[in-house]
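Welcome! Take a moment to look over the model below, and then we will walk through a few parts of it together.

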Amino acid sequence: MSAVAAPARPSAPATGSPHLSFGHLLRSEWIKFWSVRSSIWTLGVMFVVMIGLVALIAGLTANDLSGTEDSGPVALLPFLPATQLAQLAVVVLGVLTITGEYTTGMIRSSLTAAPRRTPVYWSKMVVLGGSILVISAVAVAISAFISNAFLDPKGFGLDLGDTETVRVLVGNVLYITTIALFAFALGALLKHSAAAMATVLGLLLIIENVLNAIPWEPLHYVAPLLPGSAGSRITQSDAVVQTINDQWDVGPNLSAWQGYGVLVAWVVVIIAIAAFRLKRKDA
Amino acid sequence: MIEAQGLTKRYGEKTAVNGITFTVQPGKVTGFLGPNGAGKSTTMRMIMGLDRPTAGSVTVNGAPYASFRSPLTEVGALLEAKAVHTGRSARNHLRALAATHGIGDKRVDEVIDMTGLTAVAKRRVGGFSLGMGQRLGIAVALLGDPRTLILDEPVNGLDPEGVLWVRNLVKYLASEGRTVFLSSHLMSEMALTADHLIVIGRGHIIADGPVQEIIDQGTKATVRVRSPHADQLATAIAGPDVTVGTPEPGVLQVSGATAEQIGDAAAAAHLTLHELTPLSGSLEEAYMSLTADEVEYRSDAPGHPDGTPPDAAAFGTATAPSTTEEAAR
């Protein structure tokens, strides 16, 4: 063993010069995303629930059209409950995508390979958001086709030339995708699967009802800004958004896009805090 | 080459690593020894940028690890074997980490083959034994064909064949001019594998030198003497620095005198010798005495102007009194 040995490979390694890049990280996260069973299961559940529930509700609505007068385009009505249920699957996926790394210790392998750290979060979010965007878009498209098939003969078919209809359909895709990123952000912040899952579901499903039940006015300013109630406006027709806004005398009246903006703000703030901590603290 | 300068890590009140300075040279295997909680893993985590030093700095090949364009080809590390998503197969785990650097599946299959994981590569890591997990961790470290290897307890849980394989592998990699830095609790293994040792205790460096030097420093060379005139011989070689023990009748265990001195003394006194064997200490003995001194001298160790860790200077004198005391009883 010589004391003056030169480094093994001083420069220009022969094997195609491996190096770290964001594109490579995306590829890595893509492999990670599709090589655990939870991704396939949750996306499958989301897909089936969305299409199945829209088909079921559209079929029943076609038999009985009473009570649909004031809610905007009838063929869009099945999407509201379908998306509300389907979001639970992507919430689980969003949380597990990051907490799965923290609970197993994988995160330290990931950060060793990408020691600047925060790109690990960004690449995960691109892969998670991109995958769900595509799959939920396909699910919404198939659902729209089915809903139209049931309701068009009754004279309530989808009109894709109508901006409100397109906004609601696109809104469902955006909502499901953004809710998954919201769940991811909370998972990154809390690092613990059960804690993150409980927090996301609490914020989406429970807190709003609790706030509304407490007869203290300031809380009614807060309730419309919760991620679920604000974000889901993008999935609702103008008439339904109006009904929700009319429900309260106080508090902000958010339009569909403003509500979605509030949900995006939640994601940005939470992931910013998580990323700041990731950058600063020991892994 | 790994260079640490005044590297310090505090967790709240507790100081895990206390201003250590060392260099790990390329071309040889450097062992990192120390009791549990001495700061070995913390030091390695700081090298890899996982923990942020409270003070001081550490660089690999002249730069902080996180600053490299291609970190995995600079340093391959095994820090904890089970830093793996349990639901993923070994091969997909390796593929995902390789992909971060655009390293292809060919290299992935190479390291799988090298580490003997071929049969289980498609199985989910959750079901792996400790040894298999360890092999996977070594496979990850080798992915980038790195210039520097950092292995924390690499032989932990490996079967004898695996231990031998790791020993030969790290020696081979060092002989290619790479830097190899490994920790282990297995003293005999370390004595066989390492060329150079850094001994750490309670967050600071106790000794830093070639393996044989550490052994010589930390143990007293002894001479085994068998003679029908053992009692007379003991009197003949007695001196202020000489300790004589009697492990069995007719046999003396002498420290503080060389075989030559004892032989000369015996000849001068016309005493017959049946055996005269110099015995060198083991790394384990050296390690025990070094780490024991560390505890003993911790509170009053003054800083040394020449940069030598104070305890390294102190231990040479520390062993002598305690052994003499024992012998005197």
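Predicted model: local features only at pLDDT ≥ 70, side-chain atom pairs only at ≥ 80, totals over all residues.

Two strands are said to pair if DSSP finds at least two bridges between them.

Strand 11 of chain B and strand 12 of chain B (residues 251-255) pair in the antiparallel sense, with four bridges between them. One residue pair to look for is B:V244, whose bridge partner in strand 12 of chain B is B:V254.

| Helix | Strands touched | Angle between directions |
|---|---|---|
| Helix 9 of chain B (residues 230-237) | strand 10 (222-226), strand 11 and strand 12 of chain B | about 15° with strand 12 of chain B |
| Helix 10 of chain B (residues 259-268) | strand 10, strand 12 and strand 13 of chain B | about 160° with strand 13 of chain B |

Now for the sheet as a whole: in chain B, four strands form an open sheet with antiparallel pairing, in the order 11-12-10-13. Strand 11 (243-248) and strand 13 (275-279) of chain B each have a single partner strand, so these two stand at the edges and one side of each has no neighbour in the sheet. On average, neighbouring strands of this sheet are turned by 25° against each other, direction ignored.

Where is A:V48 found? This residue lies in helix 2 of chain A, which covers residues 37-63. A:V48 counts as partly exposed because 13 other C-beta atoms lie within 10 Å. The C-alpha atoms of A:V48 and A:A139 are separated by 8.1 Å, and these residues are 91 residues apart along the chain.

Key
Residues numbered from 1 in each chain as written. Chains lettered and ligands numbered in written order. Axes fitted to C-alpha atoms, helices over the stretch in contact; angles between N-to-C directions. Contact = placed C-beta atoms within 7 Å. Buried ≥ 20, exposed ≤ 12 C-beta atoms within 10 Å, placed from the backbone.
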